[in-house]
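Here's a quick walk through this one, from the whole chain down to a few residues. Have the model open while you read.

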Amino acid sequence: MSIDVTKEQGETKGRFVAVVDGHEAELTYSRTSATLIIADHTGVPDALKGQGVGQALVKALIADAREYGYRIIPLCPFVKAQYARHPEWSDVMQ
């Protein structure tokens, strides 16, 4: 399944969003500086659990951090767990 992820960004907060079969999943973050964000929450509706939607959100965050040169503090337990499985993300994780 292809999961399209979009980014919504405000001055201090933002989120990555995926809408699948009418259900919205999100990964929210807070910007602490131009080069550091805190990934603070990942929410995936029960209807989408186990389909890789959460992982797609985290991968979009990682790709965005690499493209725009910022680092991530993984406060969200899901993001932290994904990072534990992907040590190759250490270039952008704090």
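## What counts as buried

A residue is called buried here if its relative accessible area is under 20%, exposed if over 50%, and partly exposed in between. On that scale, buried residues make up 40% of the 94 residues in the protein. Keep in mind that this is a predicted model.

## The overall layout

The protein has two helices and five strands. Walk along the sequence and you get β-β-β-β-α-β-α.

How does the radius of gyration sit with a compact globule? For 94 residues, such a globule would come out near 12 Å, and the protein has 12 Å, so the two agree. The C-alpha trace spans about 35 × 30 × 20 Å along its principal axes. As for contacts with a separation of 6 or more, 41% of them link residues 24 or more positions apart.

## Surface and charge

The accessible surface is about 5200 Å², and carbon and sulfur atoms own 51% of that. On the charge side, there are 10 positive and 12 negative side chains. The centres of those two sets lie 7 Å apart.

## T28, a buried threonine

T28 sits in strand β3, which runs over residues 23-33. Is T28 buried or exposed? Its relative accessibility is 17%, so T28 counts as buried, given that the cut-off is under 20%.

What does the T28 side chain pair up with? It makes a polar contact with the side chain of D40, at 2.6 Å. D40 also turns up in the list of residues that T28 touches beyond its neighbours within four places in sequence: G14, R15, I38, A39, D40 and H41. Among these, G14 and R15 fall in the range of β2 (13-20), while I38, A39, D40 and H41 fall in that of β4 (36-43).

## Two loop residues

D21 lies in the loop between β2 and β3. With a relative accessible area of 68%, D21 is exposed. Its backbone is worth a look too: phi of D21 is near 50 degrees, a positive value in a residue other than glycine. Most residues other than glycine have a negative phi.

A47 is in another loop, the one between β4 and α1 (53-68). Here the relative accessibility is 43%, so A47 counts as partly exposed. How far is A47 from A63 in space? The two are 16 residues apart in sequence, and their C-alpha atoms are 26 Å apart.

Key: Residues are numbered from 1 along each chain as its sequence is written. This is a predicted model: local features need pLDDT of at least 70, side-chain atom pairs count only at pLDDT 80 or more; totals for chains, interfaces and linings use all residues. Side-chain values use heavy atoms; hydrogens and water are left out. Helices (H or I, at least four residues) and strands (E, at least two) are DSSP runs, numbered from the N terminus. The radius of gyration is taken over C-alpha atoms; the globule rule is 2.2 Å times the number of residues to the power 0.38. Buried means under 20% relative accessible area, exposed over 50%, partly exposed in between (1.4 Å probe, protein chains only). Contact means heavy atoms within 4.5 Å. Accessible areas come from the Shrake-Rupley method with a 1.4 Å probe; for residues, only the protein chains shown count as cover. Lys and Arg count as positive and Asp and Glu as negative; His and the chain ends are not counted. The place of a charge is taken as NZ of Lys, CZ of Arg, CG of Asp or CD of Glu. A polar contact is a pair of N or O atoms within 3.5 Å; within protein, one must be able to donate a hydrogen and the other to accept it, and residues adjacent in sequence count only if both atoms are side-chain atoms.
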